[in-house]
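Morning, everyone. Please bring up the structure.

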Amino acid sequence: MPRILLIDDDEHLAAPLTTYFARFGCTLESAVRPSEGLAKLRAGQYDAAILDVMLPEMDGFALCREIRKESDIPIVMLTARGEVMDRVVGLELGADDYVPKPFEPRELVARVQTILRRQRSTPVAANGNGNNGTQLRVFDGLSIDLDRRQVLRHGERVELTGTEFELLALLAAEPGKVFSRDDILNRLRGHEAELYTRAVDIVVSRLRKKLEPLDCIKTLRNAGYALAVARSEPA
């Protein structure tokens, strides 16, 4: 049963959401202060976190930044409806998705379920490199282990968020193929694509920075993105 942590200072929100999430096979726990939420995340094993933007002690953006220092747990941000910059900033800091307030509980559950499904299933090319049954993609300076969801850059582990890993795995499934923004949106999210065009650019930017000094994700003007790095045989 997936275990989700909600960090929101609205004490009246947690109880009905806990009941609603339970209907879909998810355990929802809650914290009303960021310090309490961070302590719970450090002490327990959670599958995803839901953060409100407006919080005491620190706002949701600062909290997202703190969590990303320690964990790649999927994060959904709760933002004010119409606040596009809230969505952009959250994605830039490493959030995986956002839900504008006020929201329908079913929408929030659906977003969390989508993220959890992406965590469990990674795009795989039928003729990719393998190593004793392990789904391994090996390139010059870059190794992607789909089973362990682990990425190595020149032998050093790179910590990626779930969305960053899924994007890299998608590009690595068909190296050299140009994926348009819509292709990426449809494969990784599958809903509200028109709202996420900027999000693709943000996630690509985050991924590129983490893979430096490798320069393996190429932008093709008005076309999209491709993984442009030579394959290597797995060791």
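Helix 2 passes helix 3 in a right-handed crossing. Keep in mind that this is a predicted model.

How do the axes of these two helices sit? The axes of helix 2 and helix 3 cross at roughly 20° and come within 11 Å. Angles under 35 degrees count as roughly parallel, so helix 2 and helix 3 are roughly parallel to each other.

Now the contact itself. From helix 2 we have P34, L38, L41 and R42, meeting L63, E66, I67 and E70 of helix 3. By class, that contact has five nonpolar residues, three charged and no polar.

The largest pocket holds about 530 Å³ of space. Its lining takes two or more residues from each of helix 2 (34-43), helix 3 (60-70), helix 5 (105-120), strand 9 (150-153), strand 10 (156-158) and helix 6 (162-173). In total, 27 residues line the largest pocket, and Y46, S71, D72, I73 and P74 lie nearest its centre. Twelve of the lining residues are nonpolar, eight are charged and seven are polar.

The second largest pocket has about 350 Å³. Here 17 residues form the lining, with R68, L93, E164, R206 and K210 nearest the centre. Helix 3, helix 4 (84-93) and helix 8 (197-211) each give two or more residues to the second largest pocket.

Which helix gives the most to this lining? Helix 8 does, with six residues.

Notes:
Residues numbered from 1 in each chain as written. Predicted model: local features only at pLDDT ≥ 70, side-chain atom pairs only at ≥ 80, totals over all residues. Heavy atoms only, no water. 1 Å grid on protein atoms, 1.4 Å probe; cavity = no way out; pocket = protein on both sides within 12 Å on 5 of 7 lines; lining within 4 Å. Points joined across faces, edges and corners; volume = space filled by probe spheres on them. Helix = DSSP H or I, 4+ residues; strand = E, 2+ residues; numbered from the N terminus. Nonpolar A, V, L, I, M, F, W, Y, C, P; charged D, E, K, R; others polar. Axes fitted to C-alpha atoms, helices over the stretch in contact; angles between N-to-C directions. Parallel < 35°, antiparallel > 145°, perpendicular 65-115°, else oblique. Left-handed = near helix turned anticlockwise from the far one by under 90°. Contact = heavy atoms within 4.5 Å.
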